[in-house]
Amino acid sequence: MDSENELGTVLSVTGLCTYFFTKKGIVKAVDNVSFDVRKGEIMCIVGESGSGKTVTALSLLRLVEHPGRIVEGKIMFDGKNLLDLTLREMRDIRGKKIAMIFQDPHSSLDPVFTIGEQIAEAMTAHKGITKGEAKARVYELLKLVDIPEPERRFHEYPHQFSGGMKQRVMIAMALSCKPLILIADEPTSSLDVTIQALILDMFIELRKKFNMAIIYITHDLWVIRYISDRVAVMYLGIIVESADKKEIFENPLHPYTQALLSSLPGKKGRILLKGEVPSPVNPPEGCRFHSRCPKRFDRCEKIEPEMKEVVSGHFVMCHLYS
Amino acid sequence: MKLTAYYWERTKRYRSAMAGLEFIVFLIILAAAGPFFTVSPTHVDFNEKNMPPPGFMLEQSMYNASSGGFVTTVQHGSWAHPLGTDGMGRDMLAMLISGARVSLLVGLLATGIAIIIGALIGITSAYFGGAMDSILMRATDIFMTFPFLLLLILIVYLFGSSLTLIILAIGLTGWTGTARLVRSETLSLRTREFIIASKALGASHLRIIFYHLLPNILSSIIVLATLSIPGAILAEAALSFIGLGDPQVASWGNILNAGQGSLQTAWWVTVEPGMMLFFTVLAFNFLGEGLRQAFEPGGD
């Protein structure tokens, strides 16, 4: 989407297709998705449940499990296509270069090890460092994510931590190897709002400190407005629109984005969509959104629209603009 | 508090489990140190055959060397043999201690072998899934349906009877239950987020298996192991009882077998090893049950 050789692109995804081969048929969870991530930016992927956000994120690290498979595409990172790497090479990328934080902090930590042991493990998995060094580094990381009394907390188990604290630990683990890209899959959706704001501030601060890019996956428009630099909107396995945050919020082009943004409180003229998201096993022909689109016309039902750069840096996949 | 300390505190609350543990510790000390304080368990003396424990007596016909014939004499118990002697005049206490060694050895080693094989097969099966899972689980099913005693008899028939062989045979056939349990526990764990999270942090398969999966199912494995030890002990005893045990060593099963003929007169020859088996099996079951309850989530 963005011009190929733009400065500071750390990750470039083109034509990514991840399908799930189930007994009911092929689920095209991610279908021909392309996007770039620039150095140090926070890019949000937004979409409703089942739109393929999480599968996109898992595909980047090649963590899609059976019966899912990455069928096609290119994920360029550090001059290499991640999809061509061996599993061993891929392991070196995971955690070290690209780290990931998951949705539910309560189940993301191993219940039988102390917090300190787990963060140290994340480091020793990659670097040949001694236990003493690891311990000192863990204290440092715990301080970095604002966990008070790290010396005591080091020896505690996950069940002794609150949700927000656990998510901080997850962030500390993810940061332990200073990754270039941090993928955060709805890291705050299970936390209450005050904690959520603190964690979001932490992301913004850490992004600056480590100069790392963050791919932030969420369905929460409020979060997007708070932290994102750029936004990609997903619907039924495809990215339908992407642009800078300001552009998206002020000038949404795709009818789906418009409907999505109209749901923000305080907005006038709420657009209500009819029906539900169609099954990804048999996505509608033509434009995937046409069955629910308030602005559809003949062409939408037959021909799949192409991604068009309407304004500089603002891409949209809709027949209205072609 | 470390988790191990926490679970120890919880296990301590179950009195039956602690009684079981105490008996097991007592048995281990007995088996380890006992042979240094008793006469040889294989020392035969027909002049002292079927000697009852002190306080009891038995009227039986015995060979008299001076007259060269059998005379009926009354055999009194003596403190030289506090638990009496068997039909060949061997010291019961020494034999029971030797039997404790055999039983503990069989129980621990055979269960160890079975648990290791079962855990590896179960984890591999569940973690890698797909064709691997199908093959390993069908193999487990086949193993499960195989008549275990028949196999043991066949092994003893083919290779002769030795304790090592019996331990191996019990261990190599007893892993199916463990494999199934470990598989099901692993299945529920492998899709948990912390496993995916550690993959996302670059952990290898081996690291995930040994660092995350195994410690998380360790509690179930410990309980299962404790509860399978009696099975192994009883299997050896059963084998010895039907005369297929190692004839070189005095095991509780062997003694039972030897004593069954004189059950009506020299009752102690069978009752004593029987009691030992009973209490040992009970002790392991109590301990296992207590551990199971201690490892159960909640209840605080």
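This is a predicted model: local features need pLDDT of at least 70, side-chain atom pairs count only at pLDDT 80 or more; totals for chains, interfaces and linings use all residues.
Two strands are taken to pair if DSSP finds at least two bridges between them.

**First stop: the open sheet**

Select strand S4 (residues 68-77) and S5 of chain A, which pair in the antiparallel sense over two bridges. To locate the pairing at residue level, display Met76(A), whose bridge partner in S5(A) is Asn81(A). Next, select helix H1 (residues 53-60) of chain A, which packs on the sheet. Helix H1 of chain A touches strand S1 (9-22), S2 and S4 of chain A, and its direction makes about 65 degrees with that of S2(A).

Now extend the selection to the whole open sheet, which has four strands in the order S2-S1-S4-S5 (chain A) and antiparallel pairing. Strand S2 (25-38) and strand S5 (80-81) of chain A stand at the edges; each has a single partner strand, so one side of each is left without a neighbour in the sheet.

**Second stop: strand S8 of chain A**

Select strand S8 (residues 213-218) of chain A, where six of the six residues are buried. In a regular strand the side chains alternate between the two faces of the sheet.

Which strands pair with S8(A)? Strand S3 (residues 42-46) of chain A pairs with S8(A) in the parallel sense over five bridges, and Cys44(A) stands opposite Tyr216(A) in S8(A). Strand S7 (residues 181-185) of chain A likewise pairs with S8(A) in the parallel sense, over five bridges. Within this pairing, Asp185(A) has Ile217(A) as its bridge partner in S8(A).

Centre the view on Ile215(A). Leaving aside residues up to four places away in sequence, Ile215(A) touches Val37(A), Met43(A), Ile45(A), Ala57(A), Ile181(A) and Ile183(A). In soluble globular proteins, nonpolar side chains tend to be buried together. Here the largest nonpolar core has 158 residues, and Ile181(A), Ile215(A) and Val233(A) are those with the most contacts inside it. Its largest share, 18 residues, comes from helix H3 (residues 92-128) of chain B.

**Fourth stop: the contact between the chains**

Display both chains. The contact takes 23 residues from chain A and 19 residues from chain B. On the side of chain A that touches chain B, the elements giving two or more residues are helix H2 (87-93), strand S6 (98-101) and H3 of chain A. The residues of that side comprise 11 nonpolar, five polar and seven charged.

**Last stop: two individual residues**

Select Thr130(A), in the loop between helix H3 (115-124) and helix H4 (131-144) of chain A. Is Thr130(A) buried or exposed? Thr130(A) counts as exposed because it has 9 C-beta neighbours inside 10 Å, and the criterion for exposure is 12 or fewer. Its C-alpha atom is separated by 17 Å from that of Lys96(A), 34 residues apart along the chain.

Finally, select Leu214(B) in helix H9 (residues 205-241) of chain B. Leu214(B) is partly exposed, with 17 other C-beta atoms within 10 Å. A C-alpha to C-alpha distance drawn from Leu214(B) to Phe23(B) spans 29 Å, the two being 191 residues apart in sequence.

Terms used
Residues are numbered from 1 along each chain as its sequence is written. Chains are lettered from A and ligands numbered from 1 in the order in which they are written. A residue is buried if 20 or more other C-beta atoms lie within 10 Å of its own, exposed if 12 or fewer, and partly exposed in between; C-beta atoms are placed from the backbone. Two residues are in contact if their C-beta atoms, placed from the backbone, lie within 7 Å. Axes are lines fitted to C-alpha atoms, for helices over the stretch in contact, and angles run from 0 to 180 degrees between N-to-C directions. Ala, Val, Leu, Ile, Met, Phe, Trp, Tyr, Cys and Pro count as nonpolar, Asp, Glu, Lys and Arg as charged, and the others, Gly among them, as polar. A nonpolar core is a set of buried Ala, Val, Leu, Ile, Met, Phe, Trp, Tyr and Cys residues joined through C-beta atoms within 7 Å.
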